[in-house]
Every structure is written in structure tokens, then in C-alpha cells.
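Trainee: Could you walk me through this structure and show me how to read its features one by one?

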Amino acid sequence: MTHHLTAALGLVLCAALPAMAQEDTTSQTIKLDAGKAFFDATCRRCHSTDADKASYGPLLDGVVGRKAGSFAGYPYSAALKGAGFVWTPGALRAWMEDNDAFVPGTKMRHVGVTDPTVQDFILSYLGSLQG
Ligand code: HEC
């Protein structure tokens, strides 16, 4: 009985250890895929991530670390153009959560992504874009 339990425990550990080593890359891939899926569903109809493709909203490739309202040639609202902050992960979360409260006067329609996990997924995806 004890022997069986020990053997079973050994099997479980053998199976779990390699999986634990891979967990970081695996969860990163899952986050990116989920982020892209959420982005496709809630943002892409207005935002391109491809510099060669024009869209209604500003290009978001490279937005993490970029100054707000600064993508060359895009006709921003005066509110966003004059906002004067950099798009950090925290600023992007606040924007996704309630963009018109974060920058009153923005012309981006309210999106209201309030779930922190979904925000996290979208952030991973935005952060993966090269700029
Ligand atoms: C209905 C169209 C629309 C949707 C949907 C939309 N956006 Fe926007 N977005 C805009 C417009 C228009 C602007 C420019 C706002 C301004 O100039 O005030 C903008 C601006 C932004 C900016 C500022 C970029 C910069 O260069 O300063 C970010 C970041 C952003 N959007 C992220 C998102 C994300 C993330 C989503 C999805 C959760 C999303 N947007 C969904 C239209 C949209």
C-alpha cells in the first residue's frame, strides 16, 4: 500500500516537473494568443497593428512606451494630443477601463475593458508588437 502510494507520487512528480519548467513559456504563449483574440474582437476594427494599413484609430504597433497622441500624421483630438504622458502599462489599463474618464475629450468611443485579466492579455499582445 505504502509502496504503491510512493510509486504513484513519484509518477506524479516526474510528470509535473518538466511541465513546471515549461510553464513560463506556455503561459506567455497562452496570454499572447488570448490577447490577440481580445484585441481582434474589441480593438482591431478601429486600430491597425500594421504600419502599412491605415485605420480609423492610430497605429498601435509600438504604443507601449510611446508618448500619448504622438503617432506622426494621425489627426488626434486636442485632448489626447495635449495629454503629455507616456503609454505605460498602467496608463493603458486605465485607458482600456474607462478611456473617456482617463482623458476627457478623447474621440475614442468608450470601450470599457474592466476585467484586469483581459487587460493583462491585451497588454501582453500590445507589448509583443515591435514598433
Ligand atoms: C470605435 C473605434 C475604436 C475602438 C473600438 C478602439 N479604439 Fe482606441 N482609439 C480610437 C480613436 C479614434 C483614437 C484617437 C483618440 C483621440 O485622438 O482622442 C484611439 C486612441 C487609442 C490609443 C491612444 C494611442 C496614441 O497614439 O496615443 C490607444 C492606446 C488605444 N486607442 C487603444 C485601444 C484599445 C486597446 C482598444 C480595444 C480595447 C481600442 N483602442 C478600441 C478608436 C477606437
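Mentor: Let us begin with accessibility, where buried means under 20% relative accessible area, exposed over 50% and partly exposed in between (1.4 Å probe, protein chains only). C46, at 24% relative accessibility, is partly exposed, whereas C43 is buried at 16%. Keep in mind that this is a predicted model, in which local features need pLDDT of at least 70, side-chain atom pairs count only at pLDDT 80 or more, and totals for chains, interfaces and linings use all residues. Residues are numbered from 1 along each chain as its sequence is written, and side-chain values use heavy atoms, with hydrogens and water left out.

Trainee: How many disulfides are there?

Mentor: A disulfide is a pair of cysteine sulfur atoms within 2.5 Å, and by this rule the count is 0.

Trainee: Which protein donors does the iron atom of the ligand have?

Mentor: Donors are N, O and S atoms within 2.8 Å of the metal (3.2 Å for Na, K and Ca), and since water is not among the atoms, sites may look incomplete. Here the protein donors are H47, through NE2, and M108, through SD, at 1.9 to 2.1 Å from the iron atom. H47 is buried at 9% relative accessible area, while M108 is partly exposed at 23%.
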